[in-house]
Amino acid sequence: MDTKGIEQMLSLLRTTAAQASGKTAESSAAESGAPDFAEVLRGSIDKVNETQQSANQMAEKLAAGDTSQNLHEVIIALQTASVSFQEMVQVRNKLVTAYQDMMNMQV
């Protein structure tokens, strides 16, 4: 399991909490060495894209008759790409919901 992304998200949440408590975002992000939220999001999207491209290439090679491709590995790669895409969509939905909730807050 890749815990790097989880650690980055936890660091981002800590930065946001520090900002809400009155610290500046720059100082708390610099202290923790946390990457920018946009960087984390972009990295996650790129990883999902790479997974999908790899699975598609494996499927194309299998369909072309490449004997080095194992059917089971191709199916697993395609399912992994599908699950990672679905996970990305759910994260996007949660982000949109959180944004809408924040915009609807009374100030």
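Begin by selecting serine 84, which lies in helix H4, residues 71-103, where helices (H or I, at least four residues) are DSSP runs numbered from the N terminus. This is a predicted model, in which local features need pLDDT of at least 70 and side-chain atom pairs count only at pLDDT 80 or more, while totals for chains, interfaces and linings use all residues. Residues are numbered from 1 along each chain as its sequence is written, and side-chain values use heavy atoms, with hydrogens and water left out.

Serine 84 has a relative accessible area of 14% and is therefore buried, a word that means under 20% relative accessible area (1.4 Å probe, protein chains only). Now show Val48 and Thr51, with which serine 84 is in contact when its neighbours within four places in sequence are left aside; contact means heavy atoms within 4.5 Å.

Then move to the start of H4, where a side-chain oxygen of asparagine 70 reaches to within 3.2 Å of the backbone nitrogen of histidine 72.

Finally, select glutamine 69, which is found in the loop between H3 and H4. Is glutamine 69 buried or exposed? Glutamine 69 counts as buried because its relative accessibility is 15%.

Methods: Helix = DSSP H or I, 4+ residues; strand = E, 2+ residues; numbered from the N terminus. Buried < 20%, exposed > 50% of the residue type's maximum accessible area, 1.4 Å probe, protein only. Polar contact = N/O pair within 3.5 Å; in protein donor to acceptor, adjacent residues only side chain to side chain.
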